[in-house]
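I opened this model to note its fold, its chain contacts and one hairpin. My entries follow.

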Amino acid sequence: MSIQETTKQALSELFIDQATDTVIAEPPPAATEESVDQEEAVRLPGVIDQNYDTKGFHLDALVEHEQLVRAAEILFGLGFFIESITGVDWIKEDQLEAVYDFSRYDFELCRVVVRVFIPRTDPHLPTITGVYTGANWHERETHDFFGIVFDGHPHLIPLLLPEDADFHPLLKDFKA
Amino acid sequence: MSQPIELQKDETFVLNVGPQHPATHGVLRVKMTMDGENIYNAETVLGYIHRMHEKMAENRSYPQYMPNMGRLDYLSAMAFNHGYALVVERAAGIEVPERAEYIRVITVELNRVSSHLVWLGAFVLDLGGFTPLMYCFDDREQILDLLESVTGSRLTYCYFRFGGLYNDIDDEFIAGTHVFIKRMRKELKMYAKLVTGNIILMKRLKEHGPIDRDMCQRYGATGPVARGSGIDYDVRKNEPYSVYPDLDFDIPVYHECDSFARYMVRMDEMEQSLRIIEQALEKLPEGPVNPKKKPKIIKPPPGDYYAAVETARGNFGIRLVSDGTKNAYRLKLRSPTYSNMHLFDEACRGMLLADALAFMGSLDLVIPEMDR
Amino acid sequence: MSLTLLNAVIAVFIAICFVGLNAAYLVWCERKGAGFYQRRPGPMENGLWGLLQPPIDGVKLMTKQLLIPGGVDKAIFMVAPVLAMFPALISFVTIPFSETIVAHPINVGVLMIFASAALGGMSLLVAGWGSRNKYAMISSVRAVSQTVAYEIPLLITTITVVMICGSLNLSDIVQHQLGGFWNWNIWPFQKSVGYNLLMPISFLILFVCAVAETNRAPFDLGEAESELVAGFHTEYSSMGFGLFFMGEYANIVIGSCLITILFLGGWSCPIGDLGFFPFTNNVGWFLLKIYLIIFVFIWIRWTFPRTTIYGLLNLSWKYLIPISLFNLLLTAGLLKVF
């Protein structure tokens, strides 16, 4: 089995008590400019394959915030390394998204993206520094820019912003 | 040198390797708690040159943001250009003509050699050898002159456009590159004898600064830092992009995990880059350097996209979240130095101050890239 | 009586001028040499070949503001540069430049030089402690342990030579080596050193110790620029720094004078006194030899990276001291036999 399938199977155990099947049909991103008007289907938690050539990653997992640490543990056990943690501010849906990128060191390429959506007011996420020590700085940076509080983080102080900063610049309603 | 058995916690003092320091290659502050000459604990404080590039991306259109890429890691700016061009081309579905791909590879590899030359000079300077710096900068001048004649800038390049390049290269550039490759091969032999073969250097670097494979995986270290620890990972081979699959080159991997292994990885990489440039010059096809059809305003379809390239320091990744407008909705820059530097806090415990600074030099840090 | 006093004062004054000129123009030599090794011209702007650079640097150093950081121990802070410069000056008084040119011959010249070297070592400690700066503290701790470690093989090698020549007086040591390079102490195949084949090794040990004692690269951990900003003299500005600087170069000259006198025959001509210029035993040969050694000092500085503190101390305690002790015993034995 290819590493993509192995990983997908391993991650799917997070979702076995979901009623729906893991594969959810999502309309592929159209290359034309009218796609802006199309409505995206609402995604449920699960793992789906993505087209690497158009998107740049192989697996896309949407998890609930309680499943985050378990997902990180599964991926660490399979030999993935953490590339980055990105925050995205979806102000229209009143949600914050944290996107975790993982990749592999060997020649069986498989890029895994783990997403989690949290409400915009009082956002909390569990920290994965117990699994990936490198997430320490990534989480501090996401906290700096978006205000997401990572519970259990050993030292959640501003990393890139000044020590006394209480503003979060990358939020869409941030006024300098 | 072996580390002492026990560090006395109550006899420590805090030494501030401050933002202004000759060895930190930029504005980086490390708060070291020292027990005499040994480091008990180190805490890196970043953010002294944080310019919020990611917010700038949301306020500029895609072509307008290209010059920012050169300012991130100024020593390896071509590769950053390449990463950004890759992700937007992937998102918007723009084709790149073959000649442009080959020229991109040639310029990126020339930039890689010049970045490694700066690293070599600065690293040996940190160790106290003042002379190789001048030799490295002399060789680097040749590269900078070549690239200036084509791109117009010496350091912060903004040469790539979506779908191709700013302008084509001429015969002078090709002839100059051939001359440079011959010269550089001779110089590499000289560096091997004078610098690498120096017993004091070898004693300073061998068996100092160990980073094992597990640490690399936990921190996400890539580039020569990972390759010096036995991890065979190079984006150009593991996740090929552009025309790298058509070119024949090796990835140097050393298993000793010490500073000397990382040093040797970069020296060998310079030789491999010269190989790549030679082959690319041979295979360079005729043709245009920009696609015939390119949208006037770049508006990638909504969704998120990812691309990664290999810069001189490691795996540079860009995550682009687009909402279909002409500005990016969110652009995340995954800088290799950021993940590499994170190792330092854990790896330097128990080291001597001099060894810790040599270790920092072997990580090849560029602080503006780390802070973005 | 007053005439000899006047003579003495003039001689000391000339010695001090020699030191000052050396300290100033050695900097120029060093910078030109560095440029040569680094594919660049070195100082070019001020005067022909940059020869006016040292006086202009001197003027700059003298006119800068003499900053004394708050909270330092003022007495110690201000004494340290003087302690750096003073021993080198007084050592010069005993060095014989030629048969007749010696400022004040002392019967225990060797002892005097070592005593003043020890005093110079104290300046490192005092400067670091008085600066109220952690970097300076670390650097002076390193520098003092280095100085102590390298004084010992220096002494042992010197004792070996003193044993061979039978006197502590520097002029006598040179007299013992007159008559061509086959009489010099570095040459192993002669009866006066007891055919001791390890004499060149002794010379090398003395050379390495001289480089280490004067805090030159590759042993310049005390002022490791890229690690500790400027080491023990971080907090000194203007003439305080100028004195340290000059003291370092004066020490280099003293070090190479010592090497020349002990092993290379001082002012003696390499092919013996042939009676006609320039092949007579004169001061020209002395100066030529010390400047050749200083050239090698400069060459080494710009070629090698720095050692670690443990590598440095290991070299001295584990290698140089046993070898020089062995050589001392061997020489003593061989002198008895031959």
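What percentage of the 176 residues of chain A count as buried? I get 42%. A residue is buried if 20 or more other C-beta atoms, placed from the backbone, lie within 10 Å of its own.

I noted the ground rules. The model is predicted: local features need pLDDT of at least 70, side-chain atom pairs count only at pLDDT 80 or more, and totals for chains, interfaces and linings use all residues. Residues are numbered from 1 along each chain as its sequence is written, while chains are lettered from A and ligands numbered from 1 in the order in which they are written.

Fold of chain A. I find four helices and seven strands. These are DSSP runs (helices H or I, at least four residues; strands E, at least two), numbered from the N terminus. From that end the order reads α-β-α-β-α-β-β-β-β-α-β. I then took contacts, meaning C-beta atoms placed from the backbone and within 7 Å. Of those in chain A between residues at least 6 apart in sequence, 57% join residues at least 24 apart.

Interface. I see 32 residues of chain A in contact with 34 residues of chain B. On the chain A side, α2 (52-55), β3 (80-90), β4 (95-104) and α4 (135-146) each give two or more residues. β3(A) gives the most, with six residues.

Hairpin in chain B. I looked up β2(B) (residues 29-35) and β3(B) (residues 38-45), which run antiparallel and are joined by seven bridges. Pairing takes at least two bridges found by DSSP. Two residues lie between the strands, and Gly36(B) in the turn has a positive phi of about 70 degrees. Lys31(B) stands opposite Glu43(B).

How values were computed
Contact = placed C-beta atoms within 7 Å. Buried ≥ 20, exposed ≤ 12 C-beta atoms within 10 Å, placed from the backbone.
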